[in-house]
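The following exercises are to be worked with the sequence and the coordinates at hand. Each task is followed by a stepwise solution.

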Amino acid sequence: MKNILYFTIGFLLIMTACSKSEIDTWDARPRVWFTNSNDTTLFSFYTQPEGTTESVVEVPISMARRVADEDRTVTVKDLGSSPFNPGSRYEIVSAVIPAGEVTGMLQVKVYKTENLEEANDTLNFEICGSEVFEVGLSDYLHHAIIISSSLAKPSWWDSTADRYVGYYSEKKLEIIYTVLGSDEIFSSASSWSSDDVQVAIYQLNQYCKKNNIKYHPDDEDVITFDFWSN
């Protein structure tokens with residue numbers, strides 16, 4: 001009888017502890033962080049339609065724990081821009097986790113200012129704790145947006161891209177915009193082996209071949225979009 005009593009008491013204690021732990025977990029403030037660790041977003045007015053003087057750049061934010069029935073604002077601190085290129089104009093539009101969602105966006109409006117004609121500028125942001133949210137891992141609390149008026153290496157052009165379109169150069173990116181109109185086919189591609197991507201690469205190489213596009217007039221070969229090509 002005593003064994004049964006001890007077992008019953010022990011079971012109740014375990015259940016109580018589990019219930020309290022579950023309550024603590026779900027009642028705690030949710031945590032938020034930038035989706036990608038210490039990442040950088042590149043934005044260039046060069047890639048926008050002619051005449052564009054302002055645009056909204058979006059940076060993804062992730063959240064852990066229970067969703068809510070209403071939109072919740074994430075506190076994002078503006079850490080300023082580069083002191084070496086003053087004159088940039090920008091503003092945080094919003095940073096929200098929408099109702100029923102575990103992801104959201106930091107939206108920053110940037111303006112095409114004269115200083116961007118001379119050099120790029122870097123805008124820095126940090127996610128901070130608030131009454132609504134706690135912060136996530138420290139490596140995911142900072143994000144930088146690099147803005148420019150000239151061509152800039154896009155984030156999709158990584159080591160994997162090098163194997164399909166070759167090493168990055170401003171000339172190659174300029175050709176992509178000339179032939180394809182934008183780099184969306186590459187930035188949104190789910191696979192480098194997809195038919196759409198392969199057709200786009202073929203079009204780029206055909207354009208260079210037909211128009212004798214080279215880096216320098218005295219180069220022997222035209223520019224190619226191929227495995228580790230320059």
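Patches are made of residues with over 30% relative accessible area and no salt bridge, where like charges are joined within 9 Å and nonpolar side chains (Val, Leu, Ile, Met, Phe, Trp, Tyr) within 5 Å. A salt bridge is a side-chain nitrogen of Lys or Arg within 4 Å of a carboxyl oxygen of Asp or Glu. Accessible areas come from the Shrake-Rupley method with a 1.4 Å probe, and for residues only the protein chains shown count as cover.

This is a predicted model, in which local features need pLDDT of at least 70 and side-chain atom pairs count only at pLDDT 80 or more, while totals for chains, interfaces and linings use all residues. Residues are numbered from 1 along each chain as its sequence is written, and side-chain values use heavy atoms, with hydrogens and water left out.

**Exercise 1.** Identify the residues that make the nonpolar surface patch of about 330 Å².

Solution. Step 1: the patch is made by Tyr167, Phe227 and Trp228. Step 2: Phe227 lies in the segment after helix H5 (195-210); helices (H or I, at least four residues) and strands (E, at least two) are DSSP runs, numbered from the N terminus. Step 3: Phe227 has a relative accessible area of 45% and is therefore partly exposed, the class between buried (under 20%) and exposed (over 50%), with a 1.4 Å probe and protein chains only.

**Exercise 2.** Describe the surroundings of Ser88.

Solution. Step 1: Ser88 is in the loop between strand E5 (76-81) and strand E6 (90-97). Step 2: its relative accessibility is 18%, so Ser88 counts as buried. Step 3: the Ser88 side chain forms polar contacts with the side chains of Asn115, at 2.9 Å, and Asp121, at 2.4 Å. A polar contact is a pair of N or O atoms within 3.5 Å; within protein, one must be able to donate a hydrogen and the other to accept it, and residues adjacent in sequence count only if both atoms are side-chain atoms. Step 4: neighbours within four places in sequence aside, the contacts of Ser88 (heavy atoms within 4.5 Å) include Thr113, Leu116 and Ile147.

**Exercise 3.** Characterise the backbone of Arg65 and Asn212.

Solution. Step 1: most residues other than glycine have a negative phi. Step 2: Arg65, in the loop between strand E3 (54-64) and strand E4 (72-73), has a positive phi near 90 degrees. Step 3: Asn212, in the segment after H5, has a positive phi of about 50 degrees. Step 4: Arg65 is partly exposed at 33% relative accessibility, and Asn212 is partly exposed at 46%.
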